[in-house]
Amino acid sequence: MIKVLFLCIHNSARSQMAEAFLKKYGGNRFFVESAGLEAGNLNPLAVDVMREEGIDISGNQTNDVFEYFKEGRKYQFVITVCDQEASDRCPIFPGLDKKINWNFADPSALKGSHDERLAATRKIRDQIKEAVLKFIDEINISN
């Protein structure tokens, strides 16, 4: 089983969406979790746009990556879904095969009306879905 951890700042949207997509499309080949540098609150826009995909993340908890690190959890892949500066603040997990950075806009930083922020979050969701599907394809090719 391939162990994957998705990370972002607050574990409120991007990493939650990536985790949900890998669980849905990766099948039982993957053990997947998500966490944040500073666990926050689940972003309601992320919940809404994932529901449009038939995925309910409304009951998900946000997690602190440093707690995972202290517990000694191990992953083959750590995928950060935030900017490089935030990615560089993440701990290095022992036994890690590869750290990957996917830089997606932060839904919590979006401006505008509710509908504008929802549309922008939908776009971020679609970018994350595409990246997760590409990751699954690459893993399937290399194994």
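**Ground rules.** I number residues from 1 along each chain as its sequence is written. As the model is predicted, local features need pLDDT of at least 70 and side-chain atom pairs count only at pLDDT 80 or more, while totals for chains, interfaces and linings use all residues; side-chain values use heavy atoms, with hydrogens and water left out.

**Overall.** I looked up the elements first. I found five helices and four strands. I take both as DSSP runs, numbered from the N terminus: helices are H or I of at least four residues, strands are E of at least two. From the N terminus on, the order reads β-α-β-α-α-β-α-β-α. Of the 143 residues, 45% are buried (under 20% relative accessible area; exposed is over 50%, partly exposed in between; 1.4 Å probe, protein chains only). I then checked contacts (heavy atoms within 4.5 Å). Among those between residues at least 6 apart in sequence, 69% join residues at least 24 apart.

**Sheet.** I traced an open sheet of four strands, ordered β2-β1-β3-β4, with parallel pairing. Two strands pair if DSSP finds at least two bridges between them. β2 (30–36) and β4 (98–101) are at the edges, each with a single partner strand, so one side of each has no neighbour in the sheet. The twist averages 20° from one strand to the next. I then looked at β1 (residues 2–8) and β3 (residues 77–80), which run parallel and are joined by four bridges. L5 has V78 of β3 as its bridge partner. Helix α1 (residues 14–26) packs on the sheet and touches β1 and β2; its direction makes about 175° with that of β2. For axes I use lines fitted to C-alpha atoms, for helices over the stretch in contact; angles run from 0 to 180 degrees between N-to-C directions.

**Helix pair.** Next I took α1 with helix α2 (residues 44–52). They pack at about 25°, with axes 10 Å apart. The two are therefore roughly parallel (angles under 35 degrees; over 145 is roughly antiparallel, 65 to 115 roughly perpendicular, the rest oblique). M17, A20 and F21 of α1 meet A46, V49 and M50 of α2.

**Loop.** I ended on N11, in the loop between β1 and α1. N11 is not a glycine, yet its phi is positive, about 55°. N11 is buried, with a relative accessible area of 0%.
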